[in-house]
Structures are given as C-alpha cells and as structure tokens.
Amino acid sequence: RQMPSGAKAEALRFRLDDAYRCDSWEETCSALQTGRFLVVFGIQVGNTWGRFDQYGVSGHDRGPGNHCIHADGMRKLPDGRWVLCSVNSWSDEWGPFKNGRVYQDKNHLFANGDMPDVCVIRRPARRDNEPFDPPAYKPKDSDYKLAF
C-alpha cells in the first residue's frame, strides 16, 4: 500500500535476466573477465576491513558474510595477485584510493571460514527504447594509484 503508483512498472525495467552461482575463484574471475557479468557476494566486514595493504586490498575478517557487495572489474597487482574491484556503500571518498572503491582477493571470498554465495549476474542489455542510458563506468589507472 505504501508503494508509489507506477513502482511495479518501473521495476520491470530492472529485472534480472541471468544469474549463476560460482563455486571457485577461477569461475568468478572467468565470468567477470567476459565483461558481461557483475559479481555479487557476501563478505565479512569486521575490525580489519578498513586496514588496507600496500596495494589497496582490504583486511580479511573471518566469519559469514555480513555485507553484500558487488565487483565490476579485476586488476592484476604488482605482486601477481588478481583482485576484484568493488564499490562500497559508505561514501564516494572512502577507501584506500579515496574514490569509494576497494580491492578484494581470493581469500575474501573463498578462505574466510565459510563458503559464501558468490553469484554472477548478467549486465543489463541496453534496449533501443530505453529512456535512460547511463554511461558505462571505465576506471582510469589514476583511480587506483597508491604510493608503492
């Protein structure tokens, strides 16, 4: 009763088409690297989450996921690790790069004591009749610069 009129019709524009569960880091990375999927997962945010290593990877906290976040890209770090690039919900200025973004490595998803639900969802296809067409976010290298 409290939903505004037209809310259901508006929600239809954002319906999920495809989603798949990923059971390994390799599956997760493969799906993300196609450019057609976003990765959605639960992560434990605790006392070490805001402590970043020299490359901007957040701290590891053990336990079941208490936050749901998504990753929209990957990056290979100078130490050879592949990491997920995620946006947070705290602020646009939070994180090691002061741009609201942070990295997670394999241990965040598959080694914290509990197997999380890691899913990939297909990025929405742009429809010809879509009235709102936001620009795609393409991070620049300068978005992720740290003093090494």
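**Notebook: cysteines, sheet and rings**

I started with Cys119, which counts as partly exposed at 28% relative accessibility. I used these cut-offs: buried is under 20% relative accessible area, exposed is over 50%, and partly exposed is in between (1.4 Å probe, protein chains only).

Notes on the model: it is predicted, so I kept local features only at pLDDT of at least 70 and side-chain atom pairs only at pLDDT 80 or more, while totals for chains, interfaces and linings use all residues. Residues are numbered from 1 along each chain as its sequence is written, and side-chain values use heavy atoms, with hydrogens and water left out.

**Cysteines**

How many disulfides are there? I looked for cysteine sulfur atoms within 2.5 Å of each other, as that is the cut-off for a disulfide, and the count came to zero. A disulfide is a covalent bond between the sulfur atoms of two cysteines. For Cys119, the closest cysteine sulfur is in Cys22, 7.4 Å away, so that is too far for a bond. I also checked Cys85, which is buried at 5% relative accessibility.

**Whole protein**

I found three helices and six strands, in the order α-β-α-β-β-β-β-α-β along the sequence. Both come from DSSP runs numbered from the N terminus: helices are H or I with at least four residues, strands are E with at least two. Of the 148 residues, 33% count as buried. The accessible surface is about 9700 Å², and 51% of that belongs to carbon and sulfur atoms; the areas come from the Shrake-Rupley method with a 1.4 Å probe, and for residues only the protein chains shown count as cover. Next I looked at contacts (heavy atoms within 4.5 Å). Among those with a separation of 6 or more, 62% are between residues 24 or more positions apart.

**The sheet**

Which order do the strands take? I read 1-6-2-3-4-5 for this open sheet of six strands, with antiparallel pairing. Two strands pair if DSSP finds at least two bridges between them. Strand 1 (19-22) and strand 5 are the edges, each pairing on one side only. Neighbouring strands are turned by 40° against each other on average, direction ignored. Such angles are between lines fitted to C-alpha atoms (for helices, over the stretch in contact) and run from 0 to 180 degrees between N-to-C directions.

I zoomed in on strand 5, which four bridges join to antiparallel strand 4. Leu84 stands opposite Gln104, and Ser86 opposite Val102. In a regular strand the side chains alternate between the two faces of the sheet. Here both faces of strand 5 are covered: Arg101 and Tyr103 are buried on one side, Val102 and Gln104 on the other.

Helix 2 (residues 25-33) lies across strands 1, 2, 3, 4, 5 and 6 (118-122), at about 70° to strand 3.

**Aromatic rings**

I counted four aromatic pairs. Rings of Phe, Tyr and Trp (its six-membered ring) pair if their centres lie within 6.5 Å; planes under 30 degrees apart are stacked, over 60 edge-to-face, and the rest tilted.

Trp49 and Trp94 have ring centres 6.3 Å apart and planes at 10°, so they are stacked. Trp49 is in the loop between strand 2 (37-43) and strand 3 (67-76), and Trp94 in the loop between strand 4 (82-87) and strand 5 (101-104), so the pair ties together parts 45 residues apart in sequence. Trp49 is buried at 4% relative accessibility.

Phe52 and Trp94 have centres 5.4 Å apart and planes at 75°, so that pair is edge-to-face. Phe52 is partly exposed at 28%. Trp49, Phe52 and Trp94 form one aromatic cluster.
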